[in-house]
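Here are a few notes to read alongside the model. Keep the 3D view open and look up each spot as you go.

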Amino acid sequence: MGLRKRSAALGAAAGVTAAALAIAGCSSSSSSGSASNSSTSSSSTSSAPATLTVWRMGGSVPAQTTWMNSIVAEFHKDFPQYAKTQVKVDWIPWSDRTTDWNTALSSGKNIPDITELGNTDTPTEAASGILAPLNSDLTSWSGTKGLVPGMLANDTQDGTTYAVPWFGGVRAVWYRTDQFKKAGITSTPTTWAELEADAVKLQKTYPGTTGIDAITNDTNAFASFIWGAGGQIATQSGSTWTADLTSAADEAAIKYYVGLYTTAKVSQSKYIGETELGTAGATAGGPNEDFGLGKLDLYIDGPWAKASLPANSVDTSDISSFPIPSENGPNPAPVFSGGSDLAVFKTSPNQTAAWDLISVMDNPTNSTSFAALSGFFSPYSAEITSSETTGGPFMAGFAKAALNGQTAPLNAKNWPTADNGKLNIIPTMLKSLMQGAPFASTVSAANSQLQNVLNTGSSS
């Protein structure tokens, strides 16, 4: 199948054009020269590829094109053996990625040298055989030691690493500092009880508002409550998954979250069946709009959602964030760390050059500057920590949460069948419970279905 994507070739000339906007290399970039990146990185000019093809996911954005231009200029400077190598970027719709990867692998045509992939894709695609092992490259790459361990672990199977984390994003709780002050809340909550109490206070201080959005259709956010109780959605032993929704910790999380609507009454019925942007499939509205307009006091989402706030949002200068609390504190709940990885395509004839380009794209300075374009974080612990103070009050809560990220089982091979608009097992369970379904039998049924799907890929 031919590519149906927009391509952009970025050669030496394109990189020089963007020189004024080029991102300065840092120590890890300058130390990632041809002699230090990998055992084969000392490629001669004669073996340098004429073109390196990079598959990016989503649609072309001018700011990202400018960023990539600067990367190409830095790549040519750090690796002069590739001075004449063009870098061509193909933009792949997220919905087409799996088909196009498989087609490239099976046909041997339109092969990317580098591919971006969602971090939940990486384990599955590594198992499918489309990604090249990177262990030897990572051993000598100066960037390796600074990566958040959990992010790199997601890209490793049986001791072999198949991708490197590029950027990530996490959810936290949004609030307005002036509203906290008026409500007499002197510190952000670190326990579930404090979170609920603060939602009650805000709702009373600002009549007509809703305390917090206990939406049902965002498993990625709800996972933090399970993890924050010390539970797991499911655990894996070998190739077998065991669903844990009926464990004591999971049941405590489910009861608390459902109770925000049914008992504490700090959420509302309109959020049942909604995502953070409204009804499933909506691109605007819902809790995001309500928070922007001052109708919702506490809102759970990632920093990227700021771009979705309505144009007439109020009091935006006082928006801040804090991590989703754990059940008993004081440490925040773990959060789902979503984002993108970079990998070398297994059948690329230019694997050395591909890794060398990745080493420039993903050094601490460049990954941080790229992540900042969309409200994400780089995958480096030091850069995330520094953003607690350099990113301002709004980013501080997200930065603190980002250091404790988890992915499993949201990166399991059959997770897209269990969630993400297919069966929606957990969202359906939460919705049913909020609408009065019996607790034990509803959770038990969801648990059985989840375990079956994770192990077999089938709902029957």
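1. Start with the lining of the second largest pocket: by class, it has 14 polar residues, seven nonpolar ones and two charged ones. Keep in mind that this is a predicted model. As for volume, the second largest pocket comes out at about 520 Å³.

2. Which element gives the largest share of that lining? It's α5, with five residues. The elements that give two or more residues include α4 (97-107), α7 (149-154) and α19 (439-456).

3. Now for the rings: the whole structure has 25 aromatic pairs. Take Trp166 and Phe370, which are stacked, at 4.3 Å centre to centre with 15° between the planes. Trp166 sits in strand β7 and Phe370 in helix α14, so this pair ties together parts that are 204 residues apart in sequence. Trp166 is buried, at 0% relative accessible area, and Phe370 is buried too, at 3%.

4. Have a look at Phe394 and Phe398 next. Their planes stand at 65°, and pairs over 60 count as edge-to-face, so that is what this one is, with ring centres 5.2 Å apart. Phe394 and Phe398 are four residues apart in helix α16, about one helical turn. Both Phe394 and Phe398 are buried. Phe394 also has Lys306 over its face, at 4.1 Å from the ring centre.

5. One last thing to find: ring pairs join Trp166 and Phe370 with Trp67, Phe167, Trp304 and Phe376 in a cluster. Elsewhere, Arg176 lies over the face of Phe291, 4.3 Å from the ring centre.

Terms used
Residues are numbered from 1 along each chain as its sequence is written. This is a predicted model: local features need pLDDT of at least 70, side-chain atom pairs count only at pLDDT 80 or more; totals for chains, interfaces and linings use all residues. Side-chain values use heavy atoms; hydrogens and water are left out. On a 1 Å grid over the protein atoms alone, a cavity is a set of points where a 1.4 Å probe fits but cannot get out, and a pocket is an open set with protein on both sides within 12 Å along at least five of seven lines; lining residues have an atom within 4 Å of a point. Grid points are joined across faces, edges and corners, and a volume is the space filled by probe spheres set on the points. Ala, Val, Leu, Ile, Met, Phe, Trp, Tyr, Cys and Pro count as nonpolar, Asp, Glu, Lys and Arg as charged, and the others, Gly among them, as polar. Rings of Phe, Tyr and Trp (its six-membered ring) pair if their centres lie within 6.5 Å; planes under 30 degrees apart count as stacked, over 60 as edge-to-face and the rest as tilted. Buried means under 20% relative accessible area, exposed over 50%, partly exposed in between (1.4 Å probe, protein chains only). A charge sits over a ring if NZ of Lys or CZ of Arg is within 6 Å of the ring centre and within 35 degrees of the ring normal.
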